[in-house]
Amino acid sequence: MTNEELQRETKEVSQRLNNLSQSDEPPPKRLREWLLLKQQTLEKIKEAKEKNSHDQEFYNTVYYGILNTWGEKHPFLASFVMSRVRWGIF
């Protein structure tokens, strides 16, 4: 993930969180948790880039990719896949 992509994704997630907090309706709990997790993962990617830690950057980039593809619709499946990635089963 390049620095430009990282900044763009961070801005997009922050805007979605702000829109949820400004909405009159209460946000779905899972959506808010999912957006917060995405934001935390983007921060970890940024920190790994600053520390020049390629392993952590790669791991968090993969995790962010899984959050984007499956996280919102299938949170259990996303956590299952990430547990397998952590243990090196895939």
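This is a predicted model: local features need pLDDT of at least 70, side-chain atom pairs count only at pLDDT 80 or more; totals for chains, interfaces and linings use all residues.
A crossing of two helices is left-handed if the near helix is turned anticlockwise from the far one by less than a right angle, and right-handed if clockwise.

**Entry 1: the chain as a whole**

I began with the elements and found four helices and zero strands in the chain, which run α-α-α-α from the N terminus on. I then looked up burial and saw that, of the 90 residues of the chain, 26% count as buried. For the surface I noted that the chain exposes about 6,800 Å², and that carbon and sulfur atoms supply 51% of this area. Turning to contacts in the chain between residues at least 6 apart in sequence, I wrote down that 50% of them join residues at least 24 apart.

**Entry 2: α1 against α2**

Two packed helices are described by the angle between their axes and the distance between the axes. For helix α1, residues 3–22, and helix α2, residues 29–51, I found that the axes come within 10 Å and cross at roughly 155°. Angles over 145 degrees count as roughly antiparallel, and α1 is therefore roughly antiparallel to α2. I also recorded that α1 passes α2 in a left-handed crossing.

I next listed who makes the contact: on the α1 side these are N3, L6, E9, T10, V13, S14, R16, L17 and L20, while α2 brings L31, R32, W34, L35, L36, K38, Q39, L42, I45, K46 and K49. Sorted by class, the contact of α1 with α2 has ten nonpolar, four polar and six charged residues.

**Entry 3: T2, ahead of α1**

I stepped back to T2, which lies in the segment before α1, and asked how far its C-alpha atom is from that of K49. The two C-alpha atoms are separated by 9.7 Å, although T2 and K49 are 47 residues apart along the chain.

**Entry 4: E57 in α3**

Is E57, which I looked up last, buried or exposed? The residue is found in helix α3, residues 54–71, and its relative accessibility is 14%; because buried means under 20%, E57 counts as buried. Leaving aside its neighbours within four places in sequence, I found E57 in contact with M1, I45, A48 and K49. Of these, I45 and K49 were already on my page, as both belong to the α2 side of the contact with α1.

How values were computed
Residues are numbered from 1 along each chain as its sequence is written. Side-chain values use heavy atoms; hydrogens and water are left out. Axes are lines fitted to C-alpha atoms, for helices over the stretch in contact, and angles run from 0 to 180 degrees between N-to-C directions. Helices (H or I, at least four residues) and strands (E, at least two) are DSSP runs, numbered from the N terminus. Angles under 35 degrees count as roughly parallel, over 145 as roughly antiparallel, 65 to 115 as roughly perpendicular and the rest as oblique. Contact means heavy atoms within 4.5 Å. Ala, Val, Leu, Ile, Met, Phe, Trp, Tyr, Cys and Pro count as nonpolar, Asp, Glu, Lys and Arg as charged, and the others, Gly among them, as polar. Buried means under 20% relative accessible area, exposed over 50%, partly exposed in between (1.4 Å probe, protein chains only). Accessible areas come from the Shrake-Rupley method with a 1.4 Å probe; for residues, only the protein chains shown count as cover.
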